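Colleague: Hi, could you walk me through this one? I have a few quick questions.

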Amino acid sequence: MPRYEFTEGSSSKFWEITLEDSTLTKRWGRIGTDGQEKVEDFESKAEAKKAYAAQVKEKEKKGYALVAGSGAAGGDAPAPVSASDPALEAAILAAPDDVKGYLAYAEWLKGKGDPRAELIQLQHDTLEASSASATLMRKRAAKYIAEHADSLLGDELTEAISGEALKLEWHLGFIREAHLGQVDFDSDEDIPELLGLLLAHPSARFLRSLTLGMACFDGENEYHDALKVLGKSKPLTTLRHLFIGDFEYPDDTEISWTHVGNLQPLYSVFPQLRELCVRGGEVELGKIDLPELRSFTVETGGLPLKAVKSIVKAQWPKLEALEIWFGSDNYGAGGGVKDIQPLLDGEGVPNLRKLGLRNSDFTDALCEVLPKAKVVAQLQELDLSMGVMTDAGAQVLVTNAKAFQHLKTLDVSNNFLTQAGQKLVATAAPSVVRGNQREPYDEDSRYVAVGE
C-alpha cells in the first residue's frame, strides 16, 4: 500500500491509499498508530482512478511525501498523467496541421520528462524522412508507443488495444484516429465506458477521426449510451470525421436491429465536423447545426419522417455530398417526394455536388420530379441506387435526358430494371451505372435493397 508521511513541527502524520478495481481504501492518522480507515466505492474504474490521482495530488500539495519502498502506485494505480500546457495546446488547436506547434510542445514536454516529447520528435522525423527510411522510422515509433503505453495511454486503454476493441493511429505524439468496437460474440468490453476514457485522455486532445463499431454483439446493438458519453464530453474542435455504426450487415447484425439514438447533443460538442456518417435504425437527428459539414450520410433500413424533416430543414452552407437511405415502412421509414421537396428545390444546400436518394421505395416517383428539380442543375453525381426503380422510371429519365447531361455519374444500379430498361437508361446521362439489378417475384414484390 503506498504510504505518504508528513512531519513538520509537532505534526507527524501518515496517509495510505490502495486502489482495487473501482474501490479506494484509505488509512490515515498519527505515525505510530493504526489510524482510521475509509473505503470509497465508485461506479467505474475510470472514476476510481481519477479520484486516486486527485487525492494523491492533494496530499502531495500539502507536503506529504511518498515513503520509499511503500509502492509508488500500488497494483492498480493509474499511470502518470501527461503534462499539459494550455497555451501550447491552444496554439495547436488554432493550427492543427502546423507541425511547429507540436515541436514547441515537444520542447516543453522534454523539460517535464514526459515521454510524449520523444514520440513527437520521432513521428516528426518520420514525416521528414525519405520513403525508404520512413518505414523503419514508423516501426521505431510503434515500438516506442508500445514500450511507453502505461504513460501514453494507461492500463485500460492499453488493455483495450490488446483485445482489439480499440485501434489507434498516432500523429506527432497524439492520437489522430480512433476506432472502438467489440470484435465478436465473446467480447465483453464496455464501449461507452471505453469511449469516455479515450475522450478524457490527454493523448486524445487533438483527435481528428472517431469511428464506433459494434457496441454489442449480445442482444440489440445500440448506441444510446455511447451518444450520451459523446454529448457530455468536453467540446472537441479538432474532430473532423465521425462514423457511428461501422459494422457489417447482416454478418455482424441486421441494420434495423441497430438503434442509433439522438444525435442532436453532438452538434455543439463537435462544431468543426467535416464528415458525419450514421448507420443503423431509430435515427434521431433533431435540429441539425453543423455549418462546417461537407459530407453527411445516413444508412438505414427505415428513416423516420422526423429525421427526413430534420435533413430538409438543415442549413448546410458548405455541404458537398448528401446520401440518404430511406428504407422500408416495415422498418419505420416515413415520407416521400413531397417531404423532400425543399431539398429538391436546393434550399439550404448551395454547394451540394453529390446527392444520393438511395434505398427508396418511391424511386419511380423521384424519376418523375427530378428532371425539373432545381438541385439537379448544381449536381455532379446523382445516385438513385438500391431502390425500386422500374423500366417506367428509366423511361422518364431518358425522355428528360437533357436535364442530366451535365452529370459526371448517374447511378441506377441495384433496382428492378429489365435488360431492356438497363439498355434504355444508358442514354439518360453521359455515364450511367446500371448493373446488379434485382428481379421481383411478381409485380407486387418490389422492395428496397436494405430493410431489415
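Predicted model: local features only at pLDDT ≥ 70, side-chain atom pairs only at ≥ 80, totals over all residues.

Colleague: Which loop holds leucine 172?

Modeller: That would be the loop between strand 6 (166–171) and strand 7 (174–180). Leucine 172 also has a positive phi, about 50 degrees, although it is not a glycine. With a relative accessible area of 2%, leucine 172 is buried.

Colleague: Let's zoom out. How many helices and strands does the chain have?

Modeller: The secondary structure comes to 15 helices and 19 strands. There are 452 residues in the chain, and buried ones make up 50% of them. The C-alpha trace spans about 95 × 50 × 35 Å along its principal axes.

Colleague: What share of the contacts comes from residues 24 or more positions apart?

Modeller: Among contacts with a separation of 6 or more, such residues account for 63%.

Colleague: On to the strands. How do strand 1 and strand 2 pair?

Modeller: Strand 1 (residues 3–8) and strand 2 (residues 11–20) are antiparallel, with six bridges. For example, threonine 7 has serine 12 in strand 2 as its bridge partner. The two strands form a hairpin with two residues between them, and glycine 9 there takes a positive phi near 60 degrees.

Colleague: What about strand 2 and strand 3, parallel or antiparallel?

Modeller: Antiparallel again: strand 2 pairs with strand 3 (residues 23–30) over eight bridges. Isoleucine 17 has lysine 26 of strand 3 as its bridge partner. This pair is a hairpin with two residues between the strands, where aspartate 21 in the turn has a positive phi of about 55 degrees.

Colleague: Which strand order does the open sheet of three strands have?

Modeller: The order is 9-11-13, and the pairing is parallel. Strand 9 (221–222) and strand 13 (281–284) are the edge strands, each pairing on one side only. Strand 9 meets strand 11 (residues 258–262) over two bridges in the parallel sense, and asparagine 221 has threonine 258 in strand 11 as its bridge partner.

Colleague: Which strands does helix 9 lie across?

Modeller: Helix 9 (residues 224–232) lies across strand 9, strand 11 and strand 13, and it runs at about 30 degrees to strand 11.

Colleague: Where is proline 250, by the way?

Modeller: Proline 250 is in the loop between strand 10 (241–244) and strand 11. A cis peptide bond joins tyrosine 249 to proline 250, with omega about 0 degrees.

Colleague: Now helix packing. At what angle do helix 2 and helix 3 pack?

Modeller: Helix 2 (residues 86–94) and helix 3 (residues 99–111) pack at about 165 degrees, and their axes are 9 Å apart. The angle makes helix 2 roughly antiparallel to helix 3, and the crossing is left-handed.

Colleague: Which residues meet there?

Modeller: From helix 2 you have Leu88, Glu89 and Ile92, and they meet Gly101, Tyr102, Ala104, Tyr105 and Trp108 in helix 3. By class, the residues of this contact divide into six nonpolar, one polar and one charged.

Colleague: And helix 4 with helix 5: at what angle do their axes cross?

Modeller: The axes of helix 4 (residues 116–128) and helix 5 (residues 131–147) cross at roughly 165 degrees and come within 9 Å. That makes helix 4 roughly antiparallel to helix 5. The crossing of these two is left-handed.

Colleague: Which residues make the contact in that pair?

Modeller: Helix 4 brings Glu118, Leu119, Leu122, Gln123, Asp125 and Thr126, while helix 5 brings Ala134, Met137, Arg138, Arg140, Ala141, Tyr144 and Ile145.

Colleague: How many of the residues in the contact of helix 4 with helix 5 are charged?

Modeller: Four are charged, alongside seven nonpolar and two polar residues.

Technical notes: Residues numbered from 1 in each chain as written. Heavy atoms only, no water. Axes fitted to C-alpha atoms, helices over the stretch in contact; angles between N-to-C directions. Helix = DSSP H or I, 4+ residues; strand = E, 2+ residues; numbered from the N terminus. Parallel < 35°, antiparallel > 145°, perpendicular 65-115°, else oblique. Left-handed = near helix turned anticlockwise from the far one by under 90°. Contact = heavy atoms within 4.5 Å. Nonpolar A, V, L, I, M, F, W, Y, C, P; charged D, E, K, R; others polar. Pairing = 2+ DSSP bridges. Buried < 20%, exposed > 50% of the residue type's maximum accessible area, 1.4 Å probe, protein only.
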